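Open the model in your viewer and keep the selection panel at hand. The stops below say what to select and what is there.

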Amino acid sequence: MKTHWTIVKKESAQMLRSQRGLLWLMAFSGLLSAFSLLLVSNTELSLLDNAQVVYMMAGTILVAGALLAAILGADAYAGEKERGTLVPLLCAPVGVNVLLTGKALGLLSAWGVMFVTATPYLWAVGASGQNLGAALFYLVLFGTPVVLGFGYLAMALSARTGTVLASLLGTVTVLMLAASPLLIGPGLRGTIIGHAMDAINPFAGALNTFDSVIIDSEPFTAQAGRLLLVAVWLGLCLLAARRSAAHPNFR
Amino acid sequence: MKIWGPFLSTIVVTALFASITAAAQTPLALELRPDEQNPSTPTMGDHLRFWSTITNTGATPIEGLVAWISLVEIDPGNEQPMDLEDWSAHKAISGVSLGPGQSLRTDWPMRLIKGGDYRVVVSVTGRGGRRVFTSPTIQFHVRQKPVLKTTRVLPVAAGVPLLIIGLMVLNKTRQRG
């Protein structure tokens, strides 16, 4: 248990105590600030419905969270290897699962910091509209498994390939494909192919849930299928990470 | 022949008049009414609902009926048809068949996205005929509502990055110390 916490503390410190983590947070808040300022300064965008704005911002937060998970996940094993700390870590009396859980909890705490940073922005643009509470709740409920899934996927690739660049490239490619619904509107995804892609894409599942609960005020029961989709995504990525982490590439 | 002449011309005129009347008679009656629950002074973000009733007043069934709702902005200098993408998820019904005398009542909900003056109309056509029938229009005004408040957005947009910069400075100072 103590080993767990040591790893979690070390990984969590990356976000708030290291300049690198704070720089990421600065870039993230800068992005949300620019988005908010664009909304209030543009006469047409300023007339957008609050719920629509909150939905757009929730999608932006999710993609930024997944990107951070990809970066931290890619660094998890390959970064240790490149810094020459992987072999000593593997020789230490730390179980494979303990190491993986510690890294995942560190990633979760980074996502938590991002969520806390994003909350004032969501409040600023959505407080006078509908479903702000639901937006925050579903961002946690659906965003966490999606973000953690991308973290596990990056960890799996990181442990298997042993290079940060290869694992980052692989995860970001998957993320770009998965996040395409942010650019392709619901109208274009209204075809059979679009529905089929949405049915297997956890990112689209989370986005469609945000749309459903924030804009259309639909109940929790309508989200059960999508919740299952993101849970399956998390489960599959966890399995892949566990398999790769059991035999990391340290050569 | 003198007796038959006026008689024949009367028959021809009557037949012509009957055929013109039959051609002018529409096989569809179309009504459009606002819902009683609609707000009297709608504002951006409010929901409106309209009810259309399509009745087959002809003697033959109408197959493959398509009905759709259209919204037109009529603000001076900004007259344009609106894309209903954000306004309504229920923009058309299709494939319905209506027997003689049968009616179809449909509701058309919509969410008011933008302020201004608008006219709404429901159009109907069938698979067989070439005509498009339109309902009477309903006009309404949507009051504009400021959605994003600058007084709330600006402090957050400036304050959060400043807070993080403060953290970075504090972190750097600690590391040096």
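**Stop 1: the sheet of chain B**

Select β1, β2 and β6 of chain B: they form an open sheet of three strands in the order β1-β2-β6, with antiparallel pairing. Strands here are DSSP runs of E with at least two residues, helices are runs of H or I with at least four residues, and both are numbered from the N terminus. Two strands pair if DSSP finds at least two bridges between them.

This is a predicted model: local features need pLDDT of at least 70 and side-chain atom pairs count only at pLDDT 80 or more, while totals for chains, interfaces and linings use all residues. Residues are numbered from 1 along each chain as its sequence is written, and chains are lettered from A and ligands numbered from 1 in the order in which they are written.

Now colour the edges, β1 (28-34) and β6 (103-111) of chain B; each pairs on one side only. From one strand to the next, the twist averages 20 degrees. Next, select β2 (residues 47-56) of chain B: with β6(B) it makes nine bridges in the antiparallel sense. Zoom in on Ile54(B), which stands opposite Leu104(B) in β6(B).

**Stop 2: chain A as a whole**

Switch to chain A. How many helices and strands does chain A have? There are ten helices and zero strands. The C-alpha trace spans about 60 × 40 × 30 Å along its principal axes.

**Stop 3: a helix pair**

Select α6 (residues 132-161) and α10 (residues 224-246) of chain A. They pack at about 25 degrees, with axes 8 Å apart. Axes are lines fitted to C-alpha atoms, for helices over the stretch in contact, and angles run from 0 to 180 degrees between N-to-C directions. The two helices are therefore roughly parallel (angles under 35 degrees).

Show side chains. Among the residues that meet are Phe142(A), Leu148(A) and Tyr152(A) in α6(A), and Trp233(A), Leu234(A) and Cys237(A) in α10(A). Contact means C-beta atoms, placed from the backbone, within 7 Å. By class, this contact has 18 nonpolar, two polar and one charged residues. Ala, Val, Leu, Ile, Met, Phe, Trp, Tyr, Cys and Pro count as nonpolar, Asp, Glu, Lys and Arg as charged, and the others, Gly among them, as polar.

**Stop 4: where the chains touch**

Show both chains. The contact takes 26 residues from chain A and 20 residues from chain B. On the side of chain A, α2 (19-41), α3 (50-82) and α5 (96-126) each give two or more residues. The largest share, eleven residues, comes from α2(A).

How values were computed
Two residues are in contact if their C-beta atoms, placed from the backbone, lie within 7 Å. Angles under 35 degrees count as roughly parallel, over 145 as roughly antiparallel, 65 to 115 as roughly perpendicular and the rest as oblique.
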